[in-house]
Structure formats: structure tokens, C-alpha cells
Amino acid sequence: MTSFRSGPDAKGLFGSFGGQYVAETLMPLIHDLAAEYEKAKGDPEFAKELAYFQRDYVGRPSPLYFAERLTEHCGGAKIYLKREELNHTGAHKINNCIGQILLAKRMGKQRIIAETGAGMHGVATATVAARFGMKCVIYMGTTDIDRQQANVFRMKLLGAEVVPVTAGTGTLKDAMNEALRDWVTNVDSTFYIIGTVAGPHPYPAMVRDFQAVIGKETRDQLQEQEGRLPDSLVACIGGGSNAMGLFHPFLDDAGVKIIGVEAAGHGVETGKHAASLNGGVPGVLHGNRTYLLQDDDGQIIDAHSISAGLDYPGIGPEHSWLYDIGRVEYTSITDDEALAAFHQCCRLEGIIPALESSHALAEVFKRAPALPKDHLMVVNLSGRGDKDMQTVMHHLGDAVEKESQA
Amino acid sequence: MSRLQTRFAELKEQNRAALVTFVTAGDPDYDASLAILKGLPKAGADVIELGMPFTDPMADGPSIQLGNIRALANKQDLAATLRMVRAFRDDDTATPLVLMGYFNPIHKYGVPRFIEDAKAAGVDGLIIVDLPPEHNADLCDPAQAAGIDFIRLTTPTTDDKRLPTVLNGSSGFVYYVSVAGVTGAGAATLEHVEQAVSRLRRHTDLPVCIGFGIRTPEHAANVARLADGVVVGSALVDQIAKTQERADAIDGVLSLCSQLAEGVRSARR
């Protein structure tokens with residue numbers, strides 16, 4: 001049987017997606033990084049150090065929680081939540097940051113840079129940089145700075161410099177451009193901690209490997225609780241790191257249905273969305289060939305999503321490949337559907353999910369009712385929603401006030 | 001011989017370096033940009049690099065980013081850029097013209113169609129920032145097979161071990177990015193340039209052109225003593241940013257070009 005888990009090839013390609021489309025200045029460093037990562041992967045000391053920080057610093061393993069009230073409400077599939085929101089810093093992002101900063105340390109780098117959208121990756125990066133005593137610069141679009149002020153302050157509190165990016169629409173794509181410009185300029189001293197399964201090889205594979213702890217734990221935990229594999233997996237996708245982390249260990253289990261949920265914004269048909277697979281075509285941006293939102297001239301179109309973390313016009317190349325070969329089903333959820341699911345999750349489970357993760361929950365609300373009661377569905381609750389209070393108050397504030405008075 | 005080979009051979013005869021100028025196609029708009037393009041050879045440009053606008057110019061500094069934004073705001077797409085090259089070739093068949101930019105617009109246009117149309121328009125070479133030799137099959141190989149040169153960027157981080165890989169797929173000339181950074185940022189010292197040129201000459205017989213951070217006639221003259229060509233981009237693009245008037249933008253670019261050309265021509269006298 002051919003495996004879905006063997007990619008990428010030596011050139012960093014998943015089928016025709018991925019690769020190393022970067023300026024020459026960065027190429028020697030990217031080759032060094034790939035070589036160093038290969039060495040680290042085979043080094044028991046690295047594995048031991050990573051495991052230590054995952055357990056005692058991040059707080060792993062994260063629980064696999066049977067969401068009883070959500071299950072009752074839907075009246076179908078048995079729903080489990082993988083509680084990545086309980087990690088230190090409140091999302092799955094730190095799984096990757098810990099791995100990459102250990103690699104940065106191995107490579108003797110002293111300065112860390114990162115891009116951030118919602119700020120969760122920025123906070124996770126600032127956190128590990130503080131822990132390892134490294135200088136940290138975070139690039140963040142001005143639009144995102146406005147809607148994620150608490151996270152901006154958290155990063156500063158942790159000692160990071162937050163550089164506002166005004167170019168373009170001031171969102172994640174523009175922050176990534178600016179981080180790449182910094183990296184080209186400070187290539188010798190600086191390690192770029194990319195936050196998702198995108199960018200030039202080896203990033204998509206490396207970030208996936210660091211996030212795959214999510215899927216590995218899920219496998220063991222469900223085995224323990226139910227004695228078998230799940231029937232379906234659901235996760236939201238911006239760049240796609242939490243999804244790839246959950247999905248990858250299950251790709252070769254033919255009986256496991258896998259569903260990725262893109263952000264449809266105002267609706268894919270309106271053009272105001274962030275659904276690269278459902279509304280884009282293949283192209284080359286930020287170091288990899290992948291599905292992109294672009295116009296007829298190959299100019300990148302700005303994404304739109306209520307959730308800053310999904311507001312990106314591209315997607316990790318491995319997702320593009322899994323989409324093309326049909327192993328994973330990719331759907332999309334609108335801003336309004338995500339908000340409704342956000343509210344339901346608060347009321348039914350006493351868990352405030354991130355708006356990103358609420359896209360996955362909305363898909364569950366759509367699918368679970370029609371499924372049999374013995375269908376085991378695992379949803380990645382990739383982050384907590386505390387950071388989204390400002391946005392949610394803006395959209396749901398009146399409704400919530402009215403409800404609480406009634 | 002290709003136009004690039006002919007031009008560099010002529011300049012070698014004259015014992016002087018080439019002035020290589022960069023402007024973005026469609027900046028500030030199509031008509032003004034075409035007027036600039038047509039005026040550059042008379043103003044002393046020996047080789048022209050014409051930027052293909054892109055929304056996400058990841059290796060460019062603020063000057064050229066803004067040039068891209070101005071051009072895109074006036075709907076300069078790849079088809080318009082190729083049309084501009086054809087219009088330039090109506091009355092100039094000697095000056096080598098190289099398109100420079102990022103891969104995605106070409107990928108979207110379609111590589112075979114792009115090569116055919118670029119060749120027909122009179123494009124001599126390509127500089128594609130995000131296509132390292134690892135991706136030669138994507139565009140470099142088919143372009144060279146069609147007789148379009150593929151000019152490679154080499155940088156301070158391209159070490160001796162990697163240099164042959166980079167140079168193997170190069171033709172036309174070699175562009176040495178003299179500082180690790182984005183376009184328009186700080187300049188390298190002349191010592192660095194001298195060492196870099198002699199290192200490159202050990203690996204290639206292609207002409208070596210130096211770019212990044214060169215802004216004044218004096219600086220251009222200093223570099224022209226050491227290399228086969230001097231590339232100026234951001235300083236010219238800044239002339240367009242400085243003014244609201246199209247006529248002033250055209251004058252600004254062409255008069256700076258004349259001054260730079262004088263610097264380059266005086267260098268080895």
C-alpha cells in the first residue's frame with residue numbers, strides 16, 4: 001500500500017506542491033536548516049529535551065474530553081474535543097514554537113523573528129524566546145493589532161518587540177512578507193519561527209512533525225477510552241498547522257474520515273473569504289507552491305475572515321496535495337456560522353473556544369446530528385477564545401446582554 | 001550573439017562598465033512608464049531591467065514596494081508589461097531588456113505561453129527572485145531552450161560550495177546582490193565588492209553586475225571601476241515617488257539616469 005505519510009520528497013514537494021521558492025540569500029540557510037532538522041530528528045537528546053518541555057512547560061498531554069452536552073445537543077455522533085486550548089499560552093501554536101526554538105539553540109542563533117495573525121503564534125514565540133533568553137521581534141499587521149490588542153500587550157510583556165506592518169491590508173500575509181524581509185537582512189543571526197505548515201521546505205514538514213503530537217496523543221487517548229480509532233476528525237484551517245497535526249498520524253487509516261474546515265468569511269461566493277482550496281487556484285507565494293487566492297494576473301487577493309488566525313490567502317502545501325488526491329475533505333464555514341458555534345460551545349460545555357476553532361465546531365454542528373450514536377468524532381479545539389472577546393462583543397454583545405437579562 | 005552578449009562585448013571594447021537600470025513597468029502609469037522606458041537608452045542606460053509588478057514583493061524594500069503598488073493601482077498586468085516591451089522594441093532593437101520580478105504572475109499566465117509571448121515581444125532575459133536553481137525546471141530550463149537568458153542572483157551568503165550550482169544555470173550576466181537584505185537598503189563597502197567580483201570571476205566568464213544600495217553617480221563610478229556593470233533601481237524609482245506630475249517623474253528618472261551614466265562612463269578614464 002502506498003502511504004500518505006511519506007512526503008515530502010527530497011526537494012520538499014508533496015506531489016507538485018511545496019518546494020523552496022525563496023530568494024538566493026536565504027537558500028544556503030534553508031539547506032542548513034533542513035540538514036540540522038534531519039540531524040535533530042535522529043538525536044535522542046533532542047527528543048528527550050522536546051519531551052521534557054512538552055510535558056512540564058506546555059502541559060502535555062492535552063486531554064481528549066468527551067463533550068457530553070454537545071453530543072446530547074446534536075443527538076448523533078459521539079463528540080470528543082482535543083483540548084489544545086489548555087496548553088500554555090492557550091493554543092496549539094506552542095507545540096511548534098518549543099520545537100523550533102530548541103533547533104534555533106542547536107544552530108547557535110540568538111535572535112528570533114516571527115509573523116503573527118491572531119497573535120497566538122506571536123505570543124507563543126515571545127514566550128519561548130523569553131524562556132530561552134533570546135531577542136524576539138514579531139511582525140504583525142496593523143489591522144490585526146487593532147483587533148487583538150490584548151495579545152499585542154502580552155507579547156510586549158514577554159519582552160518581544162512588536163513591529164506593526166502597514167503594507168497591504170495589514171494582516172497575516174503582509175506580516176509574513178515583512179518577516180521574510182527581516183530574515184533576508186539578518187540571515188546570519190536570525191532564526192525565523194514560521195507558525196504554520198507553510199513556507200519553504202523544510203518548514204511545512206517540520207511544523208507538521210512538531211504538531212503531530214496532537215494526533216499521536218489522540219490516537220492513544222481514544223484507544224484507551226473507546227478501544228478503537230475515531231470515525232472522523234474535524235479541524236479548522238488557516239495555514240493548517242493544527243489540522244495537519246491532528247490529521248497526519250491518521251492519514252493511512254482508511255476508515256478515518258478527515259475533514260478540514262476553511263474560513264468562508266461572508267461566503268465563498270462573495271469573494272470575501274479565506275478559503276484557499278474552495279475558492280483559490282495553485283500558485284507560488286511565501287516559498288511554496290500551493291493553492292492561493294489570486295486574480296487572473298496572479299496578484300494575491302486579500303483574505304477575509306472574522307478570525308484573524310484564518311485570515312490568510314494561502315494554505316500549507318501538504319493540504320493542497322491531500323485536497324487534490326482526495327484523502328481529506330475540505331469544507332468551509334462562514335463568519336456567522338462560526339459565531340453561532342462559538343456561542344453554543346460556551347453555553348453547552350462551559351468552554352470559550354477561539355473563533356478559529358469555532359469554524360471546526362460549526363462543521364460538527366452540521367454533521368454530527370445525522371450520524372449514528374456510535375460514530376466517534378474528534379474535533380481539534382485548537383485555541384481558547386479569550387483573545388477574541390473584543391470581536392465577539394462587537395458581534396454578539398447585544399444578544400448576550402438581552403439573554404442574560406431575560 | 002544575443003543582445004546581452006553583444007552589448008557586454010561592445011562595452012568591453014570601450015573599457016567601461018554597463019549602467020543597468022531598474023524601473024517597474026506601469027509606474028506611475030502605463031504611458032509615463034513607457035516614456036521612461038523609451039528615454040532610458042538615450043539617457044545612458046546600457047541594459048534595462050523592467051519590473052513586473054506583484055502584490056507581494058518579498059525581497060524588495062519600501063521604494064520598490066511602493067512602485068509596485070502604484071503600477072498595480074493603474075492595472076498594470078503581465079499582458080500590459082509585455083505590450084510595453086513590444087512598444088519599446090518598435091524603435092530600439094539594440095538595448096537588452098530583462099524582465100525582473102516574482103514567479104506567481106508568470107505561473108498564472110502559463111509558462112509556455114509566457115515564454116512565447118516574451119520572446120515575440122523582444123525580451124532578452126529574466127530575473128526571477130523566488131526561483132533558485134532548485135526550481136530550474138519551472139522556468140529557467142524552458143526559457144533558455146527558447147533563447148531567453150536566465151540571470152541568476154548571487155549573494156554574500158552564496159558560498160563557494162553553492163556558487164557552481166547557482167552559476168550553472170546562469171546566462172546573460174551574473175547579478176551580485178552586494179548586501180544581504182532587501183532592495184534599496186544599505187550599501188556594501190568597495191572592499192567587499194572587489195573581493196566578491198574576484199571570487200565570482202574565479203567561477204564564471206559571464207559579466208558580473210553589482211546591485212543593491214547604489215544611489216549616486218559617485219558611488220556608481222566607484223563600483224564601475226571594479227565590475228562589468230552597475231545596477232541602480234530604488235534611487236530611480238524614488239524619483240517617481242517624489243512627484244505628483246507625470247512629466248516630472250519622467251524627467252526625474254531620466255536626468256538621474258544621465259548623471260549615473262556620466263559617473264559610470266568617467267570611472268575608468
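Strands here are DSSP runs of E at least two residues long, helices are runs of H or I of at least four, and both are numbered from the N terminus. Okay, quick ground rules. This is a predicted model, where local features need pLDDT of at least 70, side-chain atom pairs count only at pLDDT 80 or more, and totals for chains, interfaces and linings use all residues. Residues are numbered from 1 along each chain as its sequence is written, chains are lettered from A and ligands numbered from 1 in the order written, and side-chain values use heavy atoms, with hydrogens and water left out.

Let's start with Glu49(B), in strand 2, residues 47–51 of chain B. Is Glu49(B) buried or exposed? Buried, at a relative accessible area of 1%. Buried means under 20%, exposed over 50%, and partly exposed in between, using a 1.4 Å probe and protein chains only. Beyond its neighbours within four places in sequence, Glu49(B) has contacts including Phe22(B), Met100(B) and Tyr175(B); contact means heavy atoms within 4.5 Å.

Now Asp60(B): look in the loop between strand 2 and helix 3 (62–73) of chain B. Asp60(B) is buried too, with a relative accessible area of 9%. Which residue of chain A does Asp60(B) touch, leaving out residues up to four places away in sequence? That's Arg181(A), and on chain B the contacts include Tyr102(B) and Thr183(B).
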